[in-house]
Amino acid sequence: MKAIVYDRFGGPEVLDYREVPDPKLSQNSVLIRVKAAALNPADIALQAGLGETHTSAWFPVIPGWDVAGVVDAVGPGVNEFVPGDEVISYIREEILHHGGYAELVAVPVHAVVRKPVKASWEESAGLPLVGLTAYRAIVQTLAVTPQDVVLIHGASGGVGLLAAQLARNAGARVIGAAAMSNHDLLRTLGIEPVEYGDGLVDRVRQIVPEGVTAVLDCVGRGTLRATATANRADARVCSVADAGPEIVTVFARQEPDVLRHLAKIMDDGELRVIVAQTFPLREAANAQRTLASRHSGGKVVLVPPG
Ligand SMILES: NC(=O)c1ccc[n+]([C@@H]2O[C@H](COP(=O)([O-])OP(=O)(O)OC[C@H]3O[C@@H](n4cnc5c(N)ncnc54)[C@H](OP(=O)(O)O)[C@@H]3O)[C@@H](O)[C@H]2O)c1
């Protein structure tokens, strides 16, 4: 099969588009023919070698954790899917080796979920990691309710856009910090936009003088500390992008039931994945450069040939 691989750590320049052996299919796995694979900032960070303390890389590495595709074959222990089924998966493993920037990927059946019927391949591929992360933050950690006013830093990014919609679905009022160019998009999703940067706290306080009751940070780099006075004293706060002794950091988990739920609410029209840009698989380096700008305005997605 054709895949994007890297043989050493580095930036987009280490990515190579080449022929590699097809993945092997073990007893309880599903072979997926990839129709679309989404990028995430973690792909870029791990490729740069920033995950070496917690994740081993077995070179050559095929990056990528998010796929949508068609079941090509199933292992003899699998009765949940048959060839031809349309599926999505968060394919993260404990090692970096068999990723989603490829024509085929073999995935343990417990990580495979049916694709949302009404969404495109690109939208579907854009759901797993950001969806699982947003759900873990908004529903499982902050436990947002209709009484909340939620502030989301990075509301226009992959995680933020889904988190903001989940918070709206929970009945909360949602303030989304984003660049001006993304404010119209946020308004269409029922989110009240506010521009980030100097003066953010004052702008939030103008909208919510009593302070926000819950905060999700999808930006990091000290954002929570710098904006703490926008929050009510008893606000619940967490981050998906920062860590430290006073920070509740949330990490996505492999939770197929949650992914199934998110796919369902996409089909019900309650959740939209915004695809900012798609690239052919062989142009993964340019796709990474677009995502690394941190202003892509939604998901960046690769489409394999055929
Ligand atoms: N913990 C986990 O499990 C987990 C999972 C997924 C992601 N993450 C992390 O969460 C973060 C966001 O991921 P993502 O996929 O949403 O990234 P993304 O799609 O690239 O979004 C980046 C966001 O940051 C905003 N931003 C850029 N520069 C900014 C600045 N100077 N000040 C304030 N906001 C700024 C962007 O706003 P504009 O575009 O409007 O400028 C955009 O909303 C990354 O650090 C990623 O590694 C963690």
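I looked for salt bridges across the interface of domain 1 and domain 2 and the rule finds zero (it asks for a side-chain nitrogen of Lys or Arg within 4 Å of a carboxyl oxygen of Asp or Glu). Before going on: this is a predicted model, where local features need pLDDT of at least 70, side-chain atom pairs count only at pLDDT 80 or more, and totals for chains, interfaces and linings use all residues. Residues are numbered from 1 along each chain as its sequence is written, and side-chain values use heavy atoms, with hydrogens and water left out.

**Domains.** I took the bounds from the domain assignment: domain 1 is 2-127 + 273-303 and domain 2 is 130-239. Such bounds come from an automatic or database assignment. Their centres, taken over C-alpha atoms, are 28 Å apart.

**Interface.** I got 11 residues of domain 1 in contact with 12 residues of domain 2, contact being heavy atoms within 4.5 Å. About 830 Å² is buried between the two domains, 60% of it on carbon and sulfur atoms; buried area is the accessible area (1.4 Å probe) that two parts lose on being put together, summed over both.

**Parallel sheet.** Next I traced an open sheet of five strands, β12-β11-β10-β13-β14, with parallel pairing. Strands are DSSP runs (E, at least two residues), numbered from the N terminus, and two of them pair if DSSP finds at least two bridges between them. β12 (192-195) and β14 (231-239) are at the edges with a single partner strand each, so one side of each has no neighbour in the sheet. Neighbouring strands are turned by 25° against each other on average, direction ignored (axes are lines fitted to C-alpha atoms, angles run from 0 to 180 degrees between N-to-C directions). Inside, β10 (149-153) and β13 (212-217) share four bridges, and I noted Leu151 partnered with Val215.

**Antiparallel strands.** β3 (29-38) and β5 (66-74) pair antiparallel over eight bridges. β5 also runs antiparallel to β6 (86-90), with five bridges. I followed Ala68 on β5: Ala36 is its bridge partner in one direction, and Ile88 of β6 stands opposite Ala68 too.
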